[in-house]
Each structure stands twice: as structure tokens, then as C-alpha cells.
Amino acid sequence: MEVNQSINRFINEDFLLETESAKLLYHNYAKELPIIDYHSHLSPKAISENKIFNSVTSLWLSGDHYKWRALRTLGVNERYITGKSTNQEKFTQFASVVPLMVRNPIYHWTHMELQRYFGINELLSEKNANRIYNKTNKLVNSSFFSTLSLLEKMKVERVCTTDDPIDNLEHHVNHSKSGNSVYMNPTFRPDKSILINATDYNEYVDTLEIAASIKINSFDDLCEALQKRIDFFHIKGCRISDHGLEYIPFKCASLAEIKKIYSKKRKGGILESEEIQKFQTAILIFLCKAYHKLGWVQQFHLGAMRNNNSRMLKKLGPDTGWDSIGQYPIAFSLSRFLDSLDEKDELSKTILYNINPADNEMLATMIGNFNDGSRKGKIQWGSGWWFLDQIDGMTDQINTLSNMGMISSFIGMLTDSRSFLSFPRHEYFRRLICNLFGNDLEKGYLPSDINWIGKIISDISYHNTKNYFDFK
């Protein structure tokens with residue numbers, strides 16, 4: 001497809017900034033701030049070892065299910081996505097369909113990443129694919145494109161990875177001894193211990209036994225094992241937990257009943273839906289109380305319907321691009337769950353994320369129920385997540401939070417990414433929020449005080465996040 005190759009009038013220094021006020025806010029108050037990426041799926045091993053990738057394809061396209069979904073939709077064969085074609089063939093196939101990705105955020109991200117990391121000011125297409133592949137490949141195979149160099153280039157101050165309780169955190173330990181300027185903290189993600197309905201649940205508990213050095217014969221043993229791993233993670237610098245759930249259940253039961261449910265599962269029994277919800281409620285309450293004692297922040301990513309394509313799940317495994325927005329009854333059980341913790345003042349700082357935009361207003365008002373004045377923005381509604389981290393999704397989230405909450409206490413953007421080239425998404429967010437505030441200034445919706453509004457922009461972009469987390 002023939003396209004105009006120059007992007008000088010596209011992603012230029014004032015990209016997404018529609019007014020002079022927006023330009024002032026971005027360039028003077030947001031652009032140069034560091035990045036704290038408090039939720040990512042980056043490889044701790046790659047960071048610790050300061051990995052240099054063998055090709056631009058493995059750095060840029062491998063593991064990126066956003067791009068994979070787009071390629072499949074545009075008719076690209078799986079051989080050129082996750083298959084055994086060469087790196088250059090995969091890159092060329094991607095480049096050939098990028099012009100057809102217009103109006104999708106991938107189109108913006110692709111060209112921002114080419115500009116910010118490689119200094120390439122061309123629109124990617126089939127026409128220039130081989131030349132750009134050769135140029136970027138030469139750059140990638142150098143120390144200037146190692147993982148830490150890439151993070152430093154984007155002014156990343158700290159990244160938080162996502163880690164299972166069984167992880168020994170060796171890469172975090174090694175990195176902490178390196179003296180590098182980019183900090184890396186683990187995040188405790190105990191989903192596999194919560195999702196008791198999973199077919200491989202018992203196998204997972206067996207591995208948790210080894211990690212915790214304890215036999216897990218009962219529900220009490222499970223709690224003790226998880227507590228041991230929480231304490232271990234805390235010593236290694238963890239200050240955040242995360243949970244990826246369809247919804248937060250809230251169905252209470254006696255301890256005796258929970259013990260019976262756990263025993264039934266361990267003996268190979270099939271659990272009823274109500275039993276599953278009772279167990280999950282009990283283990284989540286235990287975990288959240290443990291987080292509170294240590295002063296951790298807890299995150300809940302809610303509403304994704306995962307692994308919809310069973311044929312491709314069997315072929316490629318999870319997290320390969322077969323997930324979508326789910327419709328789950330979130331509000332009532334979430335309210336009761338949070339209240340059960342708050343009732344005894346055991347509710348940690350909490351970040352709630354939704355994937356279904358229909359839940360926007362609900363979450364924007366839910367957080368206000370439990371912001372008790374103990375600190376600024378204790379309960380947060382997280383930035384537009386997954387299918388919503390695009391212009392409309394983030395705009396809706398920002399506007400709804402502004403109307404129904406306090407945007408000035410918002411902790412801003414994160415990548416939630418497996419790619420080391422994804423950090424221009426922070427720039428994307430900062431440009432967008434500067435444009436929204438700038439437009440309000442130009443319309444007279446806000447007082448004409450650029451320094452005051454600039455301070456709020458700086459807080460949302462960086463300072464609120466810095467103050468929210470108890471990183472040492």
C-alpha cells in the first residue's frame with residue numbers, strides 16, 4: 001500500500017495537543033518527568049541480565065498480543081505471528097499491514113516507538129519494511145538497546161514486575177545489588193492460589209509447598225504458606241499485590257465450611273459454584289488483611305473474559321490474544337468485600353481497574369465510599385486498562401473521574417506491558433491529559449493560572465505516584 005512516508009506533520013512535538021495551553025502544560029510540566037511504571041509484565045530476568053535482543057522482531061513483536069490480534073484480523077497467517085517464519089518475514093508482514101491499522105492505538109504506538117527509540121521519522125509500510133528492518137536490527141544489536149538502556153532512555157525511574165508467590169525473586173535480588181539507576185520491585189500475584197476451580201489447582205499447590213517449605217494439607221496450611229511467601233516478598237522489596245479476577249466474590253462461610261471445601265478439592269472433588277465463591281472470598285480476605293499489616297497497595301484487575309478460543313488456547317496457550325471484555329455483576333460484591341475490610345480498618349490502599357467501560361461510573365463512585373480521609377486518594381480508580389488504554393477509553397476514564405471523584409489525586413498511567421518498547425504510552429497519556437486540561441483552560445472552564453494547573457498535571461504524571469507507594 002502506498003502511503004506518504006513522512007510523519008513530520010503527524011507525530012510531531014505537538015502531537016495530540018490542540019491548543020496553546022495544552023502545549024504549555026505538556027512541554028513545561030509533564031514531558032521531562034521520570035516514569036514510575038507500577039504495573040508491568042516485563043521480564044525480571046531480562047532486566048537483571050541487561051539483555052540485548054537478537055533482532056528487532058524479538059524485541060518489538062514477540063509476546064505483544066495487541067499486535068498479534070491486529071495481524072490476525074488483517075488476514076496475516078499465524079506462521080508470521082507466532083509461527084516458525086524468520087524474524088525478517090514476521091517484521092515484513094507486520095509492516096505491510098500497519099497502514100491498515102489507522103484509528104487503532106497500535107498505529108500511534110508503532111510510530112511513536114519508531115521515533116522515540118530508533119529516530120525513524122517514516123510511516124512504516126511494505127515499501128520501506130526491509131530498509132527499516134535492517135536499520136533497526138543493527139541498532140538493536142548494541143549495548144545502547146539493552147533492556148536497561150531502553151528504560152533509561154525513557155527516564156524510567158522504577159518498574160514493578162508481576163510475580164507468582166512461588167518465584168524465588170533471584171533476578172530482583174541480583175538487580176538490587178547492581179547499583180543500577182532503574183529500580184525494580186516485585187509484585188505479589190497470587191491468582192493461582194485463589195482460583196480453586198482451575199483444573200491444575202492441586203498441582204499448583206504442590207509447587208507452593210516446595211516454595212514455602214511447608215506441607216499444605218489444610219486451609220490453615222495454605223494460609224500459612226501464603227503468609228510465608230508474602231513475608232519473603234516483603235523482605236525482597238515488594239510493596240504491591242495484584243489480582244486478575246472476573247469479579248471479586250463475596251459469599252461468607254464459617255471456617256469449618258471453608259476447610260471442608262479446600263479438603264474436597266485436594267481430594268479431587270468437583271466444587272459447586274457457591275463453594276468456589278465461598279473459598280475465594282475467604283482466601284482474598286485473608287490475603288488483604290496480610291497486605292494491610294505490611295502497608296502494601298493492593299490492585300484488582302476486574303472483568304476480563306479470558307481464553308475464549310479453546311482451539312487456539314490448546315495450540316498457543318494463555319496470554320496469546322484470545323481475551324475480551326466480559327460482563328460480570330461487579331458492584332454489589334465489590335462493595336461488600338471492601339466494606340468487610342474497612343469495617344475493622346483493615347482496608348489497604350487499593351487500585352481498582354475495569355475492562356468494561358459500562359463499569360466506569362460505578363467504579364468512579366465506588367472509590368468514594370472508602371476514601372476515609374486517612375490519606376489523599378487512598379482508594380484509586382486505575383487508568384484505562386487493556387482495551388481501554390486508548391484515546392476514547394482514557395478520555396472517558398479521566399472525565400468520569402473528574403466529574404465523580406477527584407482527578408487531582410489520580411496516580412496516572414502504567415504500561416501493563418510485556419514489551420520494553422511500550423513506554424511511549426506514558427507520553428501518550430500525558431499528552432492526552434494535557435490536551436483535556438488545556439482545552440478547559442481555553443474554553444474558560446478553568447481559571448487562567450497555568451502554574452496551578454501545571455502543578456496538578458505534574459502530580460498526576462509523576463508526583464502522586466511517587467507519594468502513593470511506600471518504595472524504599
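A charge is taken to sit over a ring if NZ of Lys or CZ of Arg is within 6 Å of the ring centre and within 35 degrees of the ring normal. The views below show a predicted model, in which local features need pLDDT of at least 70 and side-chain atom pairs count only at pLDDT 80 or more, while totals for chains, interfaces and linings use all residues. Residues are numbered from 1 along each chain as its sequence is written, and side-chain values use heavy atoms, with hydrogens and water left out.

**View 1. Charged side chains over aromatic rings.** Arg425 lies over the face of Trp109, 4.0 Å from the ring centre. Lys349 is placed over the face of Tyr468, at 5.2 Å from the ring centre.

**View 2. Aromatic ring pairs.** Rings of Phe, Tyr and Trp (its six-membered ring) pair if their centres lie within 6.5 Å; planes under 30 degrees apart count as stacked, over 60 as edge-to-face and the rest as tilted. The whole structure holds 26 aromatic pairs. One of them joins Trp60 and Phe94 edge-to-face, at 5.5 Å centre to centre and 80° between the planes. This pair links distant parts of the chain, 34 residues apart: Trp60 belongs to helix α3 (residues 56-60) and Phe94 to helix α5 (residues 87-97). Helices here are DSSP runs (H or I, at least four residues), as are strands (E, at least two), numbered from the N terminus. Both Trp60 and Phe94 are buried, where buried means under 20% relative accessible area, exposed over 50% and partly exposed in between (1.4 Å probe, protein chains only).

**View 3. A ring cluster.** Ring pairs connect Phe10, Phe15, Tyr66, Tyr107, Trp109 and Tyr428 into a cluster.

**View 4. The largest nonpolar core.** A nonpolar core is a set of buried Ala, Val, Leu, Ile, Met, Phe, Trp, Tyr and Cys residues joined through side-chain atoms within 4.5 Å. The largest such core has 144 residues, among which Leu151, Leu222 and Phe279 touch the most other members. Helix α14 (residues 273-294) contributes the most to this core, with 9 residues. Beyond its neighbours within four places in sequence, Leu151 is in contact with Leu42, Ile47, Val156, Val159, Val182, Phe420 and Phe423; contact means heavy atoms within 4.5 Å.

View 5. With a disulfide defined as a pair of cysteine sulfur atoms within 2.5 Å, the count is 0. Cys160 is in no disulfide, and the nearest cysteine sulfur, that of Cys238, is 8.2 Å away. Cys160 counts as buried because its relative accessibility is 0%.
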